[in-house]
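I'd like to walk you through one structure, so please bring up the viewer and follow along.

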Amino acid sequence: MSAMSELRHAVGSGEASILDEVPSVTGVVLWQKWRHLRDWITALPDAQTGLFHEAVAPWVLNKWAEARLADPTIAPALIVLDDWVRSPETSPRAPLAEACQHIAQWAQERGYGETAALFAETAAQLLPQDPTRAILAGKLARSAGQMARAERWFYTSIEVARKHGRWEEYIRGHLGLGILFMLTKKDVRAREHFSAAATKAIWTGYEWLAAEAQHDLFQFMTVRGHYAVAEAHARRALSSYPKHHPRVPFLAADVAYLLICRQRYTQAIELLRRFLRIVHSPPDNVLGLSMLVRALGAAGHERKFLRMRRRLLSVELAATPFEAAALWHLAEAERAMQDWQPAAEHARVALELALAEHDLETAQLAGETLSRVEVHSPVEPEPARDDPQVSELVAQLVTRLTEWAPTKRGRPRRRSHEDWSR
C-alpha cells in the first residue's frame, strides 16, 4: 500500500474526499490545512492556544512551498493559511475566511465538489454572523450532492440574515432552499420558500430579487409540467426584471425550454439563437447550444441540426458543469431525427453522469428518454395553430434581448450560481 493510500485509509470519508479529488501535493496540503482549521474552530478558546507546534518542520515547509508552486492561483490563500498556522492566536478571522472561500471557489471551478463544500463551510464557521458565507456553503454543499448539509446552511443563512436585517441574504437563503427542495422533489416545501422569497423581496423593495424568485418559480413549474402556471410566472419575472438585468437572457433561454416542452420548436429556435449571440461564457453557451440542437431536430431542420450537432460535439463538454444536461438534450434531438443508436448512447451517458453528480432531475429525464429511444418512440410534432399569448411573450422577450446591454446594469454584476440552477 502506498503512502497516499495509507493516508486515505486512515482518515474519515469526508476528509478523504480532499485527497481523492485534489491531485498530488496540493491535495495533501489542503487536507492538512482543513484539518487544522477544523480542530482550531471546534476547540474551546483555552485549548486553541498551543494547539499547533510553534516550529514547523522543514519538510512541511517544503511541501507548503511545493503546493504554492503547483497552482499559483491559490498561492495567496495558502500563504494566509501558512501564516495562520505559525501564529493562530494573533490571526484575524476575516482573512482566513476569505482564503477558505477563495479555495472553495477554486475547487468548484475544477470539479472538486466536496473539497469546495468543505472549505466553504469552514469559511462560514469562521464568520458565523455573515449570512453570505452560509449561503455559499449551502450552494456548494448542494452542488456536491450533500443535501442535508446544504439545507442546514441555508436555514442558518436565513436565521442570521433575519437577526441582522440583511434582507437580500434572507431572500437568497429562501431561494437556495427552494432550489434544493425542487431538486429533491419536495414540491410543497419548494413552493413555500420560493413564495417566501418573492413576498419578502416585494415588501423590502428588492425588485430584482422578486423577479429572480418568480424566475425560479417559473423553472420549478416548467420542470413539474405545469406549463400554464409556469408561463404566468415567466411573465411576472420579465415585467419585474430591470431592463439590463444579467438574468434576462437566461429567462429567454428558459422560456425556450418551456416552448420545446410544449412542442413550439420554431419560437424556441428564435429565442435560443438570440441567446447565443449575447451569452458567450462556455458553460452557458453549451447548454443553450444543446437546446438549440434539440429544437432544430424536433422542427425537422436536418441540415441545420447536423451542423449544430457537429459544433456541439466539438466542445469539450466534460469541462462544463452541464455535460449531463447537454447530452440529454442531444439525445432528445437525435430521437426527433430518429437517429436511434447515438440517441441511446448519449441518453445512457447522460444518465450515468447525472447519477454520479447527484443530479436526480436530469437522471430521471435521461432515463425517460432512454426508455423512449429503446422502443423507437418519436417526438410530438409542432402544433399547426398559433398560441397568441405565447407569441406575445416571445415577442416581448425578443424586444428585451435586442435592447439588453451587459454593460448597463441596474446593480453591479455578480456571477450568480443560479443563472441556471441545474
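I'll start with the overall picture and confidence, then go through some helix contacts, and finish with a few individual residues.

First, please keep in mind that this is a predicted model. The average pLDDT over the protein is 88, and 89% of the residues score at least 70. One is residues 1-13, for which the model has 13 contacts beyond four places in sequence. The other is residues 410-422, where pLDDT also stays under 50 and the model has 36 contacts beyond four places in sequence. Where pLDDT is low, the predicted coordinates should not be read in detail.

What does the secondary structure come to? There are 22 helices and 0 strands. Of the 422 residues, 54% count as buried. If you take the contacts between residues at least 6 apart in sequence, 66% of them join residues at least 24 apart.

Now to the helix pairs. Let me begin with α10, residues 147-164, and α11, residues 167-183. Their axes come within 8 Å and cross at roughly 160 degrees. An angle over 145 degrees counts as roughly antiparallel, so α10 is roughly antiparallel to α11. The crossing of these two helices is left-handed. If you want to highlight the contact, select M147, A150, E151, F154, Y155, S157, I158, A161 and R162 on the α10 side. On the α11 side, pick W167, E169, Y170, G173, H174, G176, L177, L180, F181 and L183. By class, the contact residues of α10 and α11 divide into 12 nonpolar, 4 polar and 3 charged.

Stay with α11 for a moment, because α11 and α13 are roughly parallel to each other. Helix α13 covers residues 207-223, and the axes of α11 and α13 come within 11 Å, crossing at roughly 5 degrees. Which residues make this contact? From α11 we have E168, I171, R172, L175, I179 and M182, and from α13 we have W208, L209, E212, A213, D216, Q219 and F220. The contact of α11 with α13 has 8 nonpolar, 1 polar and 4 charged residues.

The contact is made by Y227, E231, A234, A237 and L238 of α14, together with L251, V255, L258 and C261 of α15. The contact of α14 with α15 has 8 nonpolar residues, no polar ones and 1 charged.

While you have α15 on screen, look for A253, which lies in that helix. Is A253 buried or exposed? A253 has 0% relative accessibility, so this residue counts as buried. A253 is 39 residues from L292 in sequence, and the C-alpha atoms of the two are 9.6 Å apart.

Next, please move to A299, in helix α17, residues 282-299. At 25% relative accessibility, A299 counts as partly exposed. Leaving out residues up to four places away in sequence, A299 touches Y265 and I269. A299 and E382 are 83 residues apart in sequence, yet 7.1 Å apart from C-alpha to C-alpha.

Last, some backbone angles for those of you who like to check torsions. Most residues other than glycine have a negative phi. Q263, however, has a positive phi of about 65 degrees although it is not a glycine. Where does Q263 lie? You'll find Q263 in the loop between α15 (248-261) and α16 (265-278). Q263 has 18% relative accessibility, which means that this residue counts as buried.

H376 is another residue, not a glycine, with a positive phi, near 55 degrees. H376 sits in the loop between α21 (360-374) and α22 (388-403). With 47% relative accessibility, H376 counts as partly exposed.

Terms used
Residues numbered from 1 in each chain as written. Predicted model: local features only at pLDDT ≥ 70, side-chain atom pairs only at ≥ 80, totals over all residues. Heavy atoms only, no water. Axes fitted to C-alpha atoms, helices over the stretch in contact; angles between N-to-C directions. Helix = DSSP H or I, 4+ residues; strand = E, 2+ residues; numbered from the N terminus. Parallel < 35°, antiparallel > 145°, perpendicular 65-115°, else oblique. Left-handed = near helix turned anticlockwise from the far one by under 90°. Contact = heavy atoms within 4.5 Å. Nonpolar A, V, L, I, M, F, W, Y, C, P; charged D, E, K, R; others polar. pLDDT = per-residue confidence, 0-100. Buried < 20%, exposed > 50% of the residue type's maximum accessible area, 1.4 Å probe, protein only.
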